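Below are some notes for a colleague who is meeting this structure for the first time. Please read them with the sequence and the model at hand.

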Amino acid sequence: MKVVMYGTKACPDCVEAEEILKEKGIQYLYMEFSDNIGYLKRFLTLRDTNLIFDEVKENHWVGVPCFQFQDGSLSLDIDEVVKRADEEA
């Protein structure tokens with residue numbers, strides 16, 4: 001399984017999630033948007049068009065780390081990423 005992770009190194013939750021992905025040997029592409037406006041725009045498009053972010057936006061949170069699976073589905077939960085990786089192994 002390969003997953004895309006949107007986030008920033010300035011976010012402790014993103015740093016922790018990346019460590020977990022590495023520990024579990026899960027392949028991922030990190031769209032770190034602190035220094036890349038293109039990655040930020042891509043993430044904001046996801047955030048602004050998916051219901052998964054409704055609570056995030058209501059609470060004025062950023063919504064990272066965000067994980068996008070190969071089928072296009074999204075998750076904000078690293079445990080779900082690990083579970084899906086285990087199921088595919």
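**Notes on the fold**

1. His60 lies in the loop between H3 and S3, where helices (H or I, at least four residues) and strands (E, at least two) are DSSP runs numbered from the N terminus. The phi of His60 is near 60 degrees, a positive value in a residue other than glycine. The loop between helix H3 (54-58) and S3 also holds Pro65, and the peptide bond that leads from Val64 to Pro65 is cis, with omega near 0 degrees. For background, most residues other than glycine have a negative phi, and most peptide bonds are trans.

2. This is a predicted model, in which local features need pLDDT of at least 70 and side-chain atom pairs count only at pLDDT 80 or more, while totals for chains, interfaces and linings use all residues. Residues are numbered from 1 along each chain as its sequence is written, and side-chain values use heavy atoms, with hydrogens and water left out.

3. Four strands form an open sheet with mixed pairing, in the order S2-S1-S3-S4, where two strands pair if DSSP finds at least two bridges between them. S2 and strand S4 (74-75) are the edge strands, each pairing on one side only.

4. Strand S1 (residues 2-7) runs parallel to strand S2 (residues 27-32), with six bridges between them, and Val4 has Leu29 as its bridge partner in S2. By contrast, strand S3 (residues 66-68) and S4 run antiparallel and are joined by two bridges, with Phe67 opposite Ser75 in S4.

5. S1, H1 and S2 together make a right-handed β-α-β unit; a crossover is right-handed if, with the strands pointing away from the viewer, the path from the first strand over the helix to the second runs clockwise.

6. The axes of helix H1 (residues 12-24) and helix H4 (residues 78-88) come within 10 Å and cross at roughly 15 degrees, axes being lines fitted to C-alpha atoms, for helices over the stretch in contact, with angles from 0 to 180 degrees between N-to-C directions. H1 is therefore roughly parallel to H4, a term for angles under 35 degrees. The contact (heavy atoms within 4.5 Å) is made by Ala17, Ile20, Leu21 and Lys24 of H1 with Ile78, Val81 and Val82 of H4.

Technical notes:
Angles under 35 degrees count as roughly parallel, over 145 as roughly antiparallel, 65 to 115 as roughly perpendicular and the rest as oblique.
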